Amino acid sequence: MVFPAPIHLLSIGAITALAGMIGPLLLWRWPAIGHWIGCVLAAVASSAAFGAAAWVLLGAPAVHVALFALYPFGTVSIRLDALAAVFLGLTGALGFAVAVYALGYARHYEGRKHVGLLAALVCGFVLTLGLVPLANHAVGFMLVWELMALVSFALVAFEHEHEKTRRAAVFYAVMTHLGAGFLFAAFLLFGTQAGTYDFDGWRAAGAALPGATQSGIFVLALIGFGAKAGVLPLHGWLPEAHPAAPSHVSALMSGAMIKMGLYGIIRMSFDLLGGGPAWWGLLVLGLGAVSALMGALYAVTESDLKRLLAFSSIENVGIAMLGVGAALFFMAQRQDAFAALALVAALYHIINHAFFKGLMFCGAGAVQYATHTVNLERLGGLIKRMPVTAFFVLVGTLAIAAMPLLNGFVSEWLTYQALFSGLWVKDKPTRLALPLAACALALTGGLAFVAFVKAYAVGFLARGRSAEAEQAVEVPSTMLAGMALLAGGCFGLGLAPAWVIPVLNRVASPLVGAVVPVGPGWLLVPVRADVASLSMPLIWGLLALLVPLAFVVPLLLGASTRTRIAPTWGCGSSPSSRTQYSAMGFAQPLRAIFGRLLMPHTQEVQVDPTLPPYFRRDMRYTVFLESVVERYLYAPTTRWVLEAAHQLTRIQGGSIHLYLAYIFVSLLLVLLVMKGLG
Amino acid sequence: MNADTMAVWLPAAAQAVLVIALAPLLNGVIRRLKARLQGRRGAGILQPYFELAKYLRKDAVVSADASWLFTATPYVVFAAVALAALLVPSIYLGSHLGFVGDLVVLVYLLGLARFFTLLAAMDTGSSFTAMGSSREATLSALAEPALLLGLVMAALPAGSLQLATATSHTLAQGFTLSPVKALSLAALVVIVIVETGRVPVDNPATHLELTMIHEGLVLEHAGPGLALMTWAAAVKQLLLITVIIDLFVPWGAATSLTLPALGLALGVYLGKLLIVAIAIGLVESCIAKMRLFQVPDLIGGSFVFSVLALFSFTLLG
């Protein structure tokens with residue numbers, strides 16, 4: 001063969017995705033057919049992308065193809081190495097499941113929206129998502145990065161007839177372009193210092209750059225990529241954009257797109273710059289800890305399922321950042337084995353999050369499809385009316401709450417091991433900083449646990465809280481199939497970490513020069529066998545033995561086998577759907593405990609004053625959380641920008657001569673500055 | 001199955017059965033002691049077993065609103081706690097199943113049991129059990145990380161997250177009262193009180209809505225389901241106490257599989273448990289229950305102890 005085989009798959013993927021973008025637009029008058037074709041082509045493109053990524057991850061050499069010359073920036077090329085393959089692969093896997101899911105989900109929009117357009121946009125989204133990790137040139141990267149932002153903006157604004165959606169889309173566009181601005185700055189700095197815009201050139205020159213330049217590039221890139229990843233304090237767009245977008249798009253955005261921010265951070269810091277001083281690691285670690293904690297805290301108090309999931313994405317990005325930060329930190333300390341462990345933990349968590357968050361957003365979409373709401377206070381009892389969906393969401397909930405059955409636990413456990421490894425190092429700052437980050441991770445885990453217990457319990461158990469929830473029916477089988485694929489991924493990634501870690505080692509070994517050992521018999525021993533170990537197959541095996549035992553042993557002890565069905569005891573009154581605990585009530589104690597951070601404002605009871613006090617019918621209780629970041633960062637910044645813009649209006653005279661003079665003066669200034677610099 | 005595998009699995013299984021069988025007895029002893037301290041005669045120490053037998057013989061009553069999750073919960077909860085019991089050695093330290101999972105796994109297995117307990121409590125639609133669920137969730141969000149940290153700090157001097165490694169390190173070192181040990185012991189004692197639902201955090205003798213957490217949580221279970229939930233809670237309590245014994249005072253436990261050694265170890269273990277029971281009985285009789293919103297301060301105290309242990313390990317060690 002002239003070309004290595006993954007390149008064929010990449011070409012097939014790109015061409016089918018392009019066809020999937022154009023096809024539905026050509027079939028504009030037959031949206032249903034266009035949608036079907038778009039979904040099928042998206043599935044084909046995704047599986048091609050997954051195949052190419054898997055090929056490289058299983059040991060094929062990196063693919064490197066020059067595309068076209070771009071004067072004066074050199075040759076634009078694509079490169080599929082192991083790191084890119086992880087992100088391409090998760091895009092492919094998630095894209096496939098989402099495409100299957102979308103076949104049924106589009107009926108939610110039939111008659112209201114043009115579903116063919118939706119499928120075309122999703123195809124474009126999958127295409128740009130796949131191209132971002134492939135780009136091997138600054139200009140090519142910024143091009144696909146901005147295309148990805150553009151397509152996702154269009155998807156967030158898909159239901160633009162709602163005022164709220166428009167606001168969310170604009171907010172998202174502003175934040176993402178703010179981030180892109182920082183990226184431009186980082187890339188320009190790198191390009192001028194390295195003398196090339198090619199990533200290969202950067203890889204060669206990056207490690208030799210002066211320390212201050214490296215740090216400047218790193219911080220600018222961290223802000224730029226962090227805005228896309230939803231790292232605090234640049235997270236504000238996530239809880240707005242995710243609920244506004246169609247559910248399967250939210251799954252792609254949360255599962256794949258925000259990961260591209262993390263991809264950028266890893267690519268820039270480990271690969272292109274070749275590591276840096278220890279404070280880079282501490283910075284990433286700190287940002288990760290804050291994002292994880294605050295994300296989990298907001299998720300606990302949220303009653304809108306999709307917003308809750310969005311906050312949980314911030315939390316999970318934070319957890320991945322803990323791994324990335326620890327890896328950077330260990331790398332600076334020359335603890336290569338621990339750096340590999342931390343990086344593998346972060347990558348594992350990134351992949352896992354794509355699966356369980358994709359599953360949860362698809363589940364939320366199924367709930368929305370069946371009940372037309374994702375407000376937990378209007379849901380309930382769905383486990384009886386939508387049993388299959390409820391089962392898959394339970395799988396997602398177990399995974400996301402890091403219960404020791406599924407994939408979420410494995411990557412969290414690896415992250416714990418990476419952070420606690422700091423204790424086994426001689427260096428004192430390491431021994432303090434990393435375990436403290438582990439404290440943050442533990443608290444995050446505790447809070448996320450509550451958030452998802454609440455979401456599942458209020459959303460799916462007991463009685464329905466509205467007529468829509470009471471009358472919900474199961475969703476179409478294609479939607480269930482999409483969720484089944486993702487749930488299967490959660491199960492497989494949870495059961496067989498001993499197969500996944502060697503694959504991720506292929507990413508870690510060129511970046512940090514070490515690998516994570518895997519013990520015999522599917523045993524995970526990331527440090528040493530007498531330090532820590534985990535065997536997921538044994539946990540499954542023992543539970544599969546113990547659950548039936550717990551059933552049989554009481555029978556042998558003479559347990560009764562009869563069951564009586566009776567109404568729930570309601571303290572003397574008859575229980576109704578309105579006497580059940582609400583999501584807001586469930587989270588009330590934690591809202592009170594963390595009141596300083598959450599800043600809840602409660603609006604008390606509004607009563608009809610004409611009724612006597614014993615018959616208060618019209619009772620309302622509103623809790624509004626004020627975001628710390630919005631109050632102390634976004635609001636002052638917005639005020640400052642508006643004020644500055646207002647001041648600028650003073651120099652706008654409206655006369656063309658005046659503007660010509662401005663242009664002339666600016667030109668002179670630029671020339672003078674350039675002369676001074678040159 | 002060859003002899004080596006048997007030598008690892010059989011003692012572990014036997015010890016798990018021992019802990020599961022002894023768990024209600026500890027509650028019986030504590031109740032008897034409390035009754036005596038309060039001037040009552042109290043029931044016999046075997047009373048918890050009679051209660052379990054009674055629950056087992058009763059029919060299950062399931063809420064009309066509940067789903068399969070509610071019915072499955074007691075079995076899953078008991079299995080998760082029993083799996084955790086397999087990981088904790090009590091009288092014989094020579095073999096262990098530590099390779100299945102370390103201290104982190106142990107904490108998360110108890111978390112799995114709690115996950116299903118909380119969901120089942122919400123599944124009946126009763127606001128009473130849901131209140132217990134909300135409170136337990138709130139405390140667990142804080143207590144679970146504190147427990148994890150306390151355990152890690154206690155195992156710190158051994159340089160390991162494995163319970164067995166930490167135990168043998170303590171045995172080899174002999175009795176030393178290092179700051180790390182003292183601080184992590186303080187952290188763990190506080191958190192075990194929270195986790196096992198004892199005074200001053202929760203009152204195991206009541207399910208009044210003003211005071212209860214755990215007892216309210218299992219209120220809707222009946223018959224064999226209630227028996228398993230109650231039993232699992234007792235096993236969890238004994239398990240956490242056993243972990244503390246393993247980490248701080250493992251002396252007396254058998255290191256060889258001979259009958260005299262095992263008999264002695266069992267006697268020493270029971271003696272240690274009696275001391276713990278007396279301590280719990282005294283504390284519960286002397287201290288009033290805290291208000292719910294004071295408990296986070298208590299857990300915060302445990303956090304502080306753990307972080308102090310970390311600092312002392314880093315700066316002194």
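The model is predicted: local features need pLDDT of at least 70, side-chain atom pairs count only at pLDDT 80 or more, and totals for chains, interfaces and linings use all residues. Residues are numbered from 1 along each chain as its sequence is written, and chains are lettered from A and ligands numbered from 1 in the order in which they are written.

**View 1. The fold of chain B.** Chain B has eleven helices and one strand (DSSP runs, numbered from the N terminus: helices are H or I, at least four residues; strands are E, at least two). Along the sequence the pattern reads α-α-β-α-α-α-α-α-α-α-α-α. The C-alpha trace of chain B spans about 55 × 45 × 40 Å along its principal axes.

**View 2. The interior of chain B.** Of the 317 residues in chain B, 61% are buried (20 or more other C-beta atoms, placed from the backbone, within 10 Å of a residue's own).

**View 3. Chain A against chain B.** Here 71 residues of chain A are in contact with 70 residues of chain B (C-beta atoms, placed from the backbone, within 7 Å). On the side of chain A that touches chain B, α17(A) gives the largest share, 15 residues.

View 4. β3(A) pairs with β1(B), residues 60–63, in the parallel sense over four bridges (a pair needs at least two DSSP bridges). Opposite A:R564 stands B:V61 of β1(B).

Key:
Buried ≥ 20, exposed ≤ 12 C-beta atoms within 10 Å, placed from the backbone. Contact = placed C-beta atoms within 7 Å.
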